[in-house]
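Dear colleague,

Please find the structure we spoke about below, followed by my notes on what came out of going through it.

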Amino acid sequence: MSEFHFGVGKGFLPRSAGRIAAKYGVGLVNFYEPGCSCGGNCSQYCPANKRHWFEADARGFPQDDQLATRVMNELREAGFDV
Ligand SMILES: [Zn+2]
């Protein structure tokens, strides 16, 4: 089954955000984009390159959009800046 990604943003999100997503069967992925953006010549793990996204099994339209909206809404209600 293919996956779809949504909610891509800067920085990392904590496990508490991942727990909210997990209620919907959605995974939180925190990752570093390659390279350096902070000017410090980082060889890897540049703090300015932290990103996050959510991933879930793709079920097609409109289910995927509805799922993403529900998860993002609950995260915002919980106080996350997503
Ligand atoms: Zn850097």
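This is a predicted model: local features need pLDDT of at least 70, side-chain atom pairs count only at pLDDT 80 or more; totals for chains, interfaces and linings use all residues.

In α2, the residues Leu67, Val71 and Leu75 are buried, where a residue is called buried if 20 or more other C-beta atoms lie within 10 Å of its own, exposed if 12 or fewer do, and partly exposed in between, the C-beta atoms being placed from the backbone. Seen down the axis of α2, these buried residues fall within an arc of 65°, so they line one face of the helix; the arc is that of the directions from the helix axis to the C-beta atoms. The face turned away from this buried side carries the exposed residues Asp65, Gln66, Thr69, Asn73, Arg76 and Glu77.

Residues are numbered from 1 along each chain as its sequence is written. Helices (H or I, at least four residues) and strands (E, at least two) are DSSP runs, numbered from the N terminus.

To stay with α2 for a moment, this helix has 15 residues and reaches 21 Å from its first C-alpha to its last, close to the 21 Å expected at 1.5 Å a residue, the expected span being 1.5 Å times one less than the number of residues. The elements that cover its buried residues include α1 and β3, with a contact counted if the C-beta atoms of two residues, placed from the backbone, lie within 7 Å. α2 (residues 63-77) lies across β1 and β3 and runs at about 35° to β1, where axes are lines fitted to C-alpha atoms, for helices over the stretch in contact, and angles run from 0 to 180 degrees between N-to-C directions. Just after α2, Gly79 takes a positive phi of about 100°.

Leu13 touches Gly18, Leu28, Asn30, His52 and Phe80, if residues up to four places away in sequence are not counted.

As for the chain overall, its secondary structure comes to two helices and three strands, which follow the pattern β-α-β-β-α when read along the sequence. Of its 82 residues, 12% count as buried, and its C-alpha atoms fill a box of roughly 40 × 30 × 15 Å, taken along the principal axes.

The three strands form an open sheet in the order β1-β3-β2, with antiparallel pairing, two strands being paired if DSSP finds at least two bridges between them. β1 (3-10) and β2 (27-32) stand at the edges, each with a single partner strand, so one side of each is left without a neighbour in the sheet. β2 and β3 (residues 50-57) pair over six bridges, and Asn30 has His52 in β3 as its bridge partner. Glu55, also placed in β3, is partly exposed, with 15 other C-beta atoms within 10 Å; leaving aside its neighbours within four places in sequence, Glu55 is in contact with Glu3, His5, Val26, Gly27 and Val29.

The peptide bond from Phe61 to Pro62 is cis, with omega near 5°, and Pro62 sits in the loop between β3 and α2. In the loop between β2 and β3, Asn41 has a positive phi of about 60° although it is not a glycine, and Asn41 counts as exposed, with 7 C-beta neighbours inside 10 Å. Tyr45, placed in the loop between β2 and β3, has a positive phi of about 55° and counts as exposed with 10 C-beta neighbours inside 10 Å.
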